[in-house]
Amino acid sequence: MNTHREKLTQLTDDFDWLEEHCRREPELARHAEHLHLAAALARNIIGGALEQQPPRPLHLAVVGGAGAGKSTVANFLAGTPIADANPQAGYTRHPTAYLPATGAMPWPSYLGFLGNLRKLTDTQPASLDEDVYQVQRIPARDGASEPLQDYIIWDCPDMTTWASSGYISRLMEVSALADVIVFVASDERYNDEVPTQYLQMLIEAGKAVIVCITKMREADATPMIEHFRKEVLAKRANENQSAIPPIPVLAIPSLTKEERADPAGAGARYRIALINHVLALCPTLDEARDRTVRNAVQYLEKASESLLSIASNDLAELDHWKATVKAGRTQFEERYRREYLAGEPFKRFDRTREQLLGMLELPAGLRYLSAAFALLRAPYSYFREFLIKLAGTSEVPPLPEQAVLRTGFDAWIDTLRAEALKRGTGHPVWKQIANSFEAGLKNQALVPFEAAVRQFELKEGDELEQAGRSLTDRLAQQPIILGGVRFAKVSFDVLAIALVLWLTWLPSWYHLLLIPLAVSFTHQIFEWIVRGTVEAARFSARNKRESLLGAHLTGPVSEWLQAKPLSEGSSIERLQSVLRRVPENIRELAVIVKPHPATNAP
Ligand SMILES: Nc1nc2c(ncn2[C@@H]2O[C@H](COP(=O)(O)OP(=O)(O)O)[C@@H](O)[C@H]2O)c(=O)[nH]1
Ligand SMILES: [Mg+2]
């Protein structure tokens, strides 16, 4: 049981936090009241059901706009003028519970009952503006019957403006607790916006509601009821028809002083009509309470579905931040390609080329043959060297890699900071990011960045050495192919010499000069092949370097930056965990407290 209570506490805390969160953002404000009601339902109804509260007493709350006649109606329910009926609007500031005149009434005391409202121990005027409620016993009247002996009647503060958060939340607490609500509207103000919205919300929450219109002329009662049905009730949003009984609307026309002073006597006909409607809505205590619990659960389940829309703004802003980080990453990678890779010659591969050419020379026993060919080629080789030197290498050395990385990082962070400054006055997600920059986000980001650079440098060194070696290793591991190539090379040389001799037979001395030229030519062909192979390897090393950069540097740094607004203690992190937890907790609690499958609603 304890863990259920913990879940309930967590759920109501989460609702409270979400309500606060919504109040901070203008476009979310419309959710705030629903979240408040959800929290109050969880506390008062789910809390009671978890502790298996008996259905007795049922709670009957009288709510409505200022001066509508709530206290007067409460008196009619009580049978005696006990509630402070006062011409001053907004006079009642805290709820008062009226207990039946006779008999023991168990007072509920489960965890969550009426939230933060404290029970007053002495009688106070209804105008006391504190988070309290008081309990009074209806004075006994000789021989009077007590049709509502299983009920507690609550006279509530006005519902006039959503802004009066103090007594709105007191009113909401009692409304959530109620099994039946009597909504009072006076003829002159029955269509006021705020009380009507409140009524809609109670209906949406599945409360059993009776509407009571007061103070009209007797003759206007029927048209007014019709009008109210059409104008107010017909427009109500999202009514769950099956769960909510049809809403009775009754009229208490303008009362005389005598009727108000003696509800059970002079005003009896109104009192009886009112009480009959209450009893009709609650044929048995069990049925009434089951409906209260079932509909509360349903409302909470529906609330948890609409939670995503609360987060959608934040998630959109978060996505925008992530996209900004990703765009910065792309720019970083482009800069690296442009300023470093494009100019980087990967000198390691020059060594590979020399090694490969060296391997093509004939092995030990035949070395003199290679040496002879080399001698023949010597003039061409020198001549070529001379030409290359003459052309001169005008390659611009690339910027050092470290410097390119660091400038890239600075630029990346600067674009992010600029975006945060631009948006920092808008959504809280950006405010928070802008604050992080104030608090040294750049220096913080340097830590993962530098770690990533070290990783990257380790990997790139390895990678290059391996790529360079793999060409020579591969050839060395395949002696047959190596032998074949060597043989082919010697054969070409021999063939070239033979060809010269055969074509010029008998050759004169200057014909013999063609021999070094032919041998140089065959060697040049092999050198081109080797160079082609090495260049291909160089090219793939360049590509490989780019993917290394992504995997070990820009990837991790980008992840870190993207997750920054979600880091510990941020509001969006809390939002995400709350949004995950609330539906889970509702689902679990619903299973425990759900009474019977929806029976025929009375
Ligand atoms: N004449 C007349 N006065 C009424 C009637 N109902 C309520 N009042 C008066 O209207 C004022 C406001 O009524 P009250 O029940 O205190 O409204 P509440 O603010 O909603 O609780 C009080 O002074 C009542 O005595 C009625 O039917 N006729
Ligand atoms: Mg009142």
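The legends below accompany an overall view and several close-ups of a predicted model.

**Figure 1. Overall view of the predicted protein, with its secondary structure and its extent.** The protein is built from 18 helices and eight strands. Its C-alpha trace spans about 150 × 45 × 45 Å along the principal axes, and the radius of gyration is 44 Å, whereas a compact globule of 602 residues would have a value near 25 Å. Among contacts with a separation of 6 or more, 83% are between residues 24 or more positions apart.

**Figure 2. Surface and charge of the predicted protein.** Of the 602 residues, 48% are buried. The protein exposes about 29100 Å², and carbon and sulfur atoms supply 57% of this area.

**Figure 3. Close-up of the cis peptide bond between R56 and P57.** Most peptide bonds are trans. The bond leading from R56 to P57, by contrast, is cis, and its omega is near 0°. P57 belongs to the loop that runs between helix α2 (29-50) and strand β1 (58-64).

**Figure 4. Close-up of the cis peptide bond between W505 and L506.** W505 and L506 are joined by a peptide bond in the cis form, for which omega is about -20°. L506 is placed in the loop between two helices, α15 (479-504) and α16 (509-512).

**Figure 5. Close-up of L114, a residue with positive phi.** Most residues other than glycine have a negative phi. L114 has a phi near 60°, which is a positive value in a residue that is not glycine. The residue sits in the loop between the strands β2 (96-99) and β3 (118-119).

**Figure 6. Close-up of F346, another residue with positive phi.** For F346 the phi angle is near 50°, again a positive value in a residue other than glycine. F346 is found in the loop that lies between helix α9 (285-339) and helix α10 (348-360). With a relative accessible area of 1%, F346 is likewise buried, as the value falls under the 20% cut-off.

Note on methods. Residues are numbered from 1 along each chain as its sequence is written. Chains are lettered from A and ligands numbered from 1 in the order in which they are written. This is a predicted model: local features need pLDDT of at least 70, side-chain atom pairs count only at pLDDT 80 or more; totals for chains, interfaces and linings use all residues. Side-chain values use heavy atoms; hydrogens and water are left out. Helices (H or I, at least four residues) and strands (E, at least two) are DSSP runs, numbered from the N terminus. The radius of gyration is taken over C-alpha atoms; the globule rule is 2.2 Å times the number of residues to the power 0.38. Buried means under 20% relative accessible area, exposed over 50%, partly exposed in between (1.4 Å probe, protein chains only). Contact means heavy atoms within 4.5 Å. Accessible areas come from the Shrake-Rupley method with a 1.4 Å probe; for residues, only the protein chains shown count as cover.
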